[in-house]
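Biologist: Take me through one side chain and its surroundings. Then go on to the aromatic rings.

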Amino acid sequence: MPDAVLRFTFGPVQAFIAEARRTADLYAGSHILAELARAAARSLQDAGAELVYPADLGSGDPPNVIVARVPWEDVEQLAERAAAALQARWEQLASDALAKLESYAQLDDALRAQWRAQTGDVWEIYWAAARIEQDDYATAFHRAQAGIAALKKTRTFTQRAEAGAKDSLGGNRAALAPTGQDPRAFWRAVRRHPQGGRLVGEHERLDAVSAVKRFAYSEEAYPSVPTIAARPFARLAARRAAPALESYRDAFELLATAFGQQPDRYRRTRHTVEAFPYDGAFLYESTLEWPALVEELGLDPDEAKRLRSQVETPLRTARHRLAELYQAVGQRPSRYVAVVVLDGDSMGQWLTSALGEGGLEAHREISRKLARFAVAAEEVGRHAAPDTVFVYQGGDDVVALAPAEQAVSLVLALAAAFAEITDGRSASAGIAIGHWLEPLGDLLRSAREAEKRAKRLPGKGAVAVELQPRGGEIVHVVARADRLAGLDLPDLVDRFRRDGAGSLSGRLPTDLRQYARAFPQADAAFRAVLARSVKRQGEWPSGTADERERLVERLYGFATSYDQLRASLPGEDDSRRFERVPSGPAQLADWLALARFLARGGGE
């Protein structure tokens with residue numbers, strides 16, 4: 001009986017994940033996709049198919065592309081079995097979410113019908129197969145791959161327009177509501193429920209797909225964005241000012257009790273510190289302002305207004321204790337968080353080359369290496385950036401959230417691990433840094449755009465960052481990972497943050513931006529003005545001249561790497577070279593501006 005290569009895939013992927021305002025949405029979207037892929041792959045495996053990719057369903061998150069070697073006569077039956085398993089798992093998740101929503105609010109037949117319509121036509125499933133002739137696995141693989149590409153161009157999915165107020169996450173489908181009820185009023189009632197309050201924002205309204213993300217999993221599965229952003233501060237406070245942190249914790253607990261709330265309602269078991277096991281949002285003074293506090297606690301504004309006089313004293317005490325905590329620690333929590341995406345470079349070329357040399361066994365070996373990377377990614381990443389929250393790690397892809405100051409260290413460690421496991425293959429990463437109040441879906445899209453910029457750098461193995469300061473100009477920086485490791489961004493952040501010997505003034509990036517216009521190339525003249533700026537915009541007491549010179553050489557070497565990269569692009573005019581590889585002095589100034597921003601926790 002001849003065999004065949006079956007290629008099975010489904011979507012949408014990026015659009016589904018990107019419909020997110022919270023970590024809950026981002027985590028759930030990625031987790032749902034992994035569960036659906038796992039259900040489809042397992043159904044093939046249970047029917048006797050040989051999974052080629054992914055190599056191991058227990059290693060990381062399965063990708064949305066599955067490749068299997070199957071009997072040719074059974075191809076259609078197995079593909080339909082995988083599609084049915086995927087759909088059944090989705091229906092179970094949707095059913096669980098609907099049951100949870102029903103425990104929070106009164107639902108009618110119209111809402112249930114709307115739920116069925118919106119959840120019944122979500123996934124686009126494609127499969128193609130090619131017979132393996134004369135044991136030529138490579139040719140069959142490429143034919144199946146071409147079949148999938150042709151199917152996707154036929155646009156077999158349906159488009160449906162829905163009237164009414166749209167969902168807050170994606171804005172594509174109508175928000176759920178019983179007959180005759182305004183969606184905003186319905187979802188506000190869900191929020192007012194004692195157990196549902198923190199699952200829905202004050203001004204949010206959800207469609208069925210977004211509601212599956214919010215209600216299918218336990219809220220404790222993921223920390224909030226402010227918890228991620230504030231965790232470095234919380235750990236520093238626990239080490240440097242434990243009494244002040246405990247004093248503020250006590251004040252917060254009394255404040256919650258004064259509102260008639262149980263403090264445990266806001267307890268988070270993951271990504272908090274023992275001395276303050278509550279949501280990180282309560283470590284920001286802005287959260288203790290009245291409107292923000294009422295919304296964060298999930299209270300009815302009218303009921304909160306009636307309680308205002310009796311909570312004034314505990315609220316004033318909490319604000320005072322938080323100010324004392326800031327003073328004791330010597331800094332405030334950063335308001336910025338990073339969304340990180342990392343992806344292997346030229347994976348298609350690698351696979352094509354390997355298939356030409358080794359066929360099926362070569363494909364298996366690549367799958368095994370990617371499975372090992374998926375397993376190693378979390379441990380490696382958390383060692384380099386301890387407050388990382390991994391959203392997805394499968395194949396050569398990683399999506400994660402991290403405090404802004406840890407993001408570059410995270411991607412450098414992941415890229416190094418990827419190269420080690422894949423025998424020198426490179427990976428590129430995109431980082432989007434934004435305020436913790438920004439919708440995560442927007443930051444994820446920005447991170448993917450940054451990743452595309454990184455992959456446009458010749459030779460790849462690059463890191464691109466998009467910094468989105470609130471009320472300021474967006475900053476784009478890009479660099480080869482090896483050069484960025486030599487720049488040592490954490491050391492620069494420390495120099496901008498600290499006082500005394502070896503510290504740097506916040507004026508340095510501004511100085512260099514001005515000089516970069518006059519000195520667009522990293523030549524001897526630029527090195528001279530760089531050395532003068534570092535000397536003038538830093539603290540260099542007697543005995544630190546050698547340290548200063550080493551820093552200048554480090555910065556100059558980073559800027560020079562851009563000119564060397566541009567010089568390696570023969571046959572291109574100067575404008576085209578600059579488009580592909582930016583000016584070294586200008587990029588150095590922008591990387592220093594990023595370090596200064598991180599040192600100040602977003603406080604420019």
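Modeller: Buried means under 20% relative accessible area, exposed over 50%, partly exposed in between (1.4 Å probe, protein chains only). Ser446 has 13%, so this residue is buried. The model is predicted: local features need pLDDT of at least 70, side-chain atom pairs 80 or more, while totals for chains, interfaces and linings use all residues. Numbering runs from 1 along each chain as its sequence is written, and side-chain values use heavy atoms, without hydrogens or water.

Ser446 sits in helix α14, residues 440–455 (helices, H or I, of at least four residues and strands, E, of at least two are DSSP runs, numbered from the N terminus). Beyond four places away in sequence, Ser446 touches Ala432, Glu466 and Gln468 (heavy atoms within 4.5 Å).

Now the rings. The whole structure holds 20 aromatic pairs (ring centres of Phe, Tyr or Trp, its six-membered ring, within 6.5 Å; planes under 30 degrees apart are stacked, over 60 edge-to-face, the rest tilted). Phe10 and Trp123 form one of them: their centres are 6.0 Å apart and their planes at 80°, so the pair is edge-to-face. Phe10 belongs to strand β1 (3–11) and Trp123 to the loop between α4 (109–119) and β4 (124–131), so the pair ties together parts 113 residues apart in sequence. Phe10 is buried at 2%. Trp123 is buried too, at 10%.

Phe373 and Phe418 also pair edge-to-face, 5.1 Å centre to centre with 85° between the planes. Phe373 is in helix α12 (347–384) and Phe418 in helix α13 (407–421), so parts 45 residues apart in sequence are tied together. Both Phe373 and Phe418 are buried. Tyr248, Phe252, Phe276, Tyr278 and Phe282 make up one aromatic cluster.
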